[in-house]
Amino acid sequence: MNKINYISIAEKLVKRGKAKGAQIKVAIHKDKSFNVGIRNGEVEELQEAGSTSLSLLVNLDNKIATAATSDFSEDTLNNLLDNAVERAKYASADEFAVFPEFEKLTINPESLKLYSDEVKDISPETQIKIARDLEAICLKDKRITLSAGSGYSTNESEYFLILSNGFSESYKTSDCSVGVYLQSGRDTNATQEGWYDSAISPRNLMPIDEIAKIAVERATRLQNAKKVATQTVPVIIDRYVASSVIGFLLQCLNGRNIYMHQSVFVNKINEQIANKNFILKDNPLLIGALGSRPFDSEGIPSRENIIIENGILKNYLLNTYSAKKLNLPNNGFASGISNLILEKGKYSESDLIKSVDKGLLLYETLGQGTTTTTGDFSKGAYGMWIENGELAYPVSEITISGNIVGMLNGIEMIANNTDHRKTLQVPSFKISEMTVSGE
């Protein structure tokens, strides 16, 4: 089927649902992927998959029912819709369960350049060779004791969204990635780490020698790690582990947690919740960025959202339901974040390290120790210990803890090392103090 067929199918379902007095949302996903896995030079995985699925949501007088299928026959789809409408009649009504108002899409989805035909041109043989060569480069380093595997993958997707409010749009995306994971050391000394890169087009991937260099450095950096005594010290959050802290912040700002009063930031809009140097925004309209999208899963056209500006909370992350519950404007987060950007600072990561007399450069966190209601944060961790402004030795088997309110207000320095290739574009930053629990 081509694009016209999918839209026609969805529009027929919408028309049928409206005739039954219901509001209808139809989403169609079409995906095709290819994955190569290499271990010790041999092909361990070779998988090609394709799928097309349809999901629909029925709203009958504020009563909701959902259904999904991969069978696109007319009888199946009609029965699916009819059954969903019948089930909706017996659901509980919810005054906040409403469809969004129609908003016209003002950009051409193709202008975001989210799809490249080049993903079709890279052959399985080429993908196998690239993954095999990447692993081989890494294994030349004598510090690496074994490979946990290298891989290359490509994916093509097309998304169609049609609603009874008049919204009818689609867009295509592509992505490819290549990476490797390694082990250095043996037995209790062993550590596993690696690196991968992703892009919309194969030509925009990092060269494999650069990926190998980063992967080897990450796999060997914690050799002979030590424990440290329990103490309260400054902690530098490395840019590649920033998702651990920023991700928790986003959970606290999620609309559902706000209206359920399960967040430390309830009723904090337009209040100071972070240091004045903290500016956080989400921009789904960056050209050629992996996280970009023209609209969210409710048909709300994408727009840049300032979440925190100079430390002041400006937006929660809302979909239509949570926006109605909180009596706030819907800001298009039904699909979650897109390209999340923490405004970079004026310092290098080296400047951050030099500013610490004794403290931790955090490389990774472990576990789920967060509570949105209180803002408490506690996770297993490892990284590099800092003494007298210099990296001293690796540390592991520690726990870092704090509270998100104190952590945000304690951000003293923000580095300028943003990685624009990632959907989470967050530079390293220094928190004035957290508790590091060790021996």
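Which residue in β5 is the bridge partner of Ile162? I looked it up: Ser168.

Ground rules before going on. I'm working from a predicted model, where local features need pLDDT of at least 70, side-chain atom pairs count only at pLDDT 80 or more, and totals for chains, interfaces and linings use all residues. Residues are numbered from 1 along each chain as its sequence is written, and side-chain values use heavy atoms, with hydrogens and water left out.

Helices (H or I, at least four residues) and strands (E, at least two) are DSSP runs, numbered from the N terminus. I call two strands paired if DSSP finds at least two bridges between them.

Back to the hairpin. β4 (144-163) and β5 (168-184) are antiparallel, with 17 bridges. Four residues sit between these strands, and Gly166 has a positive phi near 110°.

On to β6 (191-199), which is antiparallel to β5 over nine bridges. There I found Gly194 as the bridge partner of Tyr181.

Phe34 faces Glu48 in β2.

Whole sheet: I get six strands, open, antiparallel, ordered β3-β2-β1-β4-β5-β6. β3 (63-69) and β6 are the edges, each pairing on one side only.

Last, the helices. Contact here is heavy atoms within 4.5 Å; axes are lines fitted to C-alpha atoms, for helices over the stretch in contact, with angles from 0 to 180 degrees between N-to-C directions. Helix α2 (74-89) packs on the sheet, touching β1, β2 and β3, at about 155° to β3. Helix α5 (208-220) touches β4, β5 and β6, at about 150° to β6.
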